[in-house]
Amino acid sequence: MPQRHSKNNNDLAFFTYEEKRKLGYGTQRERLGKDSIKPFDACCLCLKPLIDPLCCPKGHTFCKECILECLLAQKKDIKRKLAAHEAQKKQEKEEEEEKLILQKAKELDAFDQQNHGAVPQYHDRSGSQDKNGFHGANSVKVTSFEEEALRNMKAFWLPSATPEATVKVDAPSTDTVCPEGQEKLKLKSLFPISFTEETVDQKSKKTVEKSYMCPSCKSTLTNTMSLVAVSTCGHVFCKKCSDKFLVKDKACLECSKPFKERNLVPLEKGGTGFAAHDERLEARDFKHLGSGSGLGLVKPAPKAF
C-alpha cells in the first residue's frame with residue numbers, strides 16, 4: 001500500500017497549507033499582459049488614442065478635451081469647498097457672538113437678582129445654583145427651565161434623537177493638480193505635442209492602426225523606447241536621438257526652433273511585457289478564508305506591481 005503524501009492527507013481536523021492553496025488562499029499573482037498596459041500614445045484619463053494631445057511638465061499626456069474638463073471640475077470643487085469653509089467660519093463667528101451675548105445677559109441677571117431679589121442666590125464652584133435645593137422667589141423660573149430641559153433632552157438610544165457632531169471643514173487648497181502625478185498643474189503649463197506619423201511606405205501592411213516614428217532616426221515608436229518631447233515646439237523624439245543631437249545642438253531637428261535643456265520633457269509610458277523593463281508588471285490579490293465559515297473572502301492587496 002503506497003504511503004500517503006502530505007498533499008493528499010485530507011483527514012485532519014484543520015486545513016493544511018496544500019488544501020488552502022487549492023482553495024485560493026494566500027497571495028494570488030498574475031502577470032499583466034499587453035492589454036493591461038497603457039500605450040505611449042494613449043490619454044491618461046480616457047485611455048483612448050490621443051486627440052489634440054497636451055502634455056504636463058512631468059510628461060503625462062492627455063487629450064485636450066479630457067484635461068480641460070478635469071481642471072474645470074477641480075475648479076468647481078475648489079469653489080464649492082471654499083464656500084462651505086466660509087459658511088462654517090461665519091457660523092462659528094455667529095455662535096461666538098451669541099455666547100458672548102448670553103454670558104452678558106447671565107451676568108446682568110445675576111447682578112439684578114443679587115440687588116433686587118428677595119432671597120440671594122448662591123453659586124458653587126461648578127456654577128450650579130442653590131446647592132441645598134432652596135430656590136426662593138425664583139422657584140417658578142427654575143422649575144420651568146428644568147421642565148423645558150427635560151422636554152428637549154435627546155434620547156441617545158434612539159437613532160433619530162442622537163446628537164450629531166459638527167463636521168469641521170478645513171480650508172481647501174486653491175491649486176489644481178495633475179490627475180496622474182498629483183503635482184500642482186496650471187492650464188498655462190500644458191503644452192501641445194505632435195507625433196510624426198509613419199508614411200505608407202514605411203508602415204507595415206499588416207497594421208491598421210496609426211503608427212508613429214522618430215523624425216530623426218525614422219524608427220517606429222513603441223513602449224520599449226523612452227520618448228522625449230520638446231516643450232517649445234511639441235515634437236517627439238526617441239531618447240537616443242535626444243541625447244545624441246538635441247542636447248548638443250539645442251535646436252529641434254524637425255523645425256530648427258532653438259530651445260533650452262530644461263525644455264526637454266521625458267514622456268511617461270505604461271511599460272512593456274518584458275521582465276527586464278523598468279516597469280513592475282505583476283498584480284497581486286490577497287484571499288483569506290472566512291473565520292468558521294470555510295468561505296473564501298477576497299480582499300484587495302494594498303499594493304500591486
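What share of the contacts in the protein between residues at least 6 apart in sequence join residues at least 24 apart? I began with this and found 49%, where contact means heavy atoms within 4.5 Å.

**Ground rules.** I noted that this is a predicted model, in which local features need pLDDT of at least 70 and side-chain atom pairs count only at pLDDT 80 or more, while totals for chains, interfaces and linings use all residues. Residues are numbered from 1 along each chain as its sequence is written, and side-chain values use heavy atoms, with hydrogens and water left out.

**Overview.** I looked up the secondary structure and found four helices and 11 strands, taken as DSSP runs numbered from the N terminus (helices are H or I of at least four residues, strands E of at least two). Of the 305 residues, 26% are buried, a word I use for under 20% relative accessible area, with exposed for over 50% and partly exposed in between (1.4 Å probe, protein chains only).

**Three-stranded sheet.** I traced an open sheet with the order E3-E2-E4 and antiparallel pairing, two strands being paired if DSSP finds at least two bridges between them. Strand E3 (61-63) and strand E4 (191-192) are the edge strands, each pairing on one side only. Helix H2 (residues 64-116) packs on this sheet and touches E2 and E3, its direction making about 90° with that of E3; here axes are lines fitted to C-alpha atoms, for helices over the stretch in contact, and angles run from 0 to 180 degrees between N-to-C directions. Between E2 and E4 I found two bridges, and Leu54 has Pro192 in E4 as its bridge partner.

**Asp41.** I then went to the loop between strand E1 (26-31) and strand E2 (53-55), where Asp41 is found. Asp41 is buried yet has no salt bridge, and Lys38, the nearest side chain of opposite charge, is 7.3 Å away. For this I counted Lys and Arg as positive and Asp and Glu as negative, leaving out His and the chain ends, and took a salt bridge as a side-chain nitrogen of Lys or Arg within 4 Å of a carboxyl oxygen of Asp or Glu. Apart from its neighbours within four places in sequence, Asp41 is in contact with Lys48, Pro49, Leu50 and Tyr212.

Thr176 lies in the loop between helix H3 (139-152) and E4, and I count Thr176 as buried because its relative accessibility is 9%. Its C-alpha atom is separated by 9.6 Å from that of Ala73, 103 residues apart along the chain. Asp175 forms a salt bridge with Lys184, with the closest N and O atoms 3.3 Å apart; Lys184 is exposed at 65% relative accessibility, whereas Asp175 is partly exposed at 31%.

**Helix H4.** In H4 (residues 239-249) I found Cys241, Ser242 and Leu246 buried. They cover an arc of only 95° around the axis, so they lie on the same side of H4; the arc is that of the directions from the helix axis to the C-beta atoms. What covers the buried residues of H4 includes strand E7 (227-230), strand E8 (236-238) and strand E9 (264-266), while the face turned away from the buried side carries the exposed residues Lys240, Lys244 and Lys248. Also in H4, Asp243 forms a salt bridge with Lys239, the closest N and O atoms being 3.0 Å apart, and these two lie four residues apart, about one turn of the helix. Just after H4, I noted a positive phi of about 55° at Lys250.
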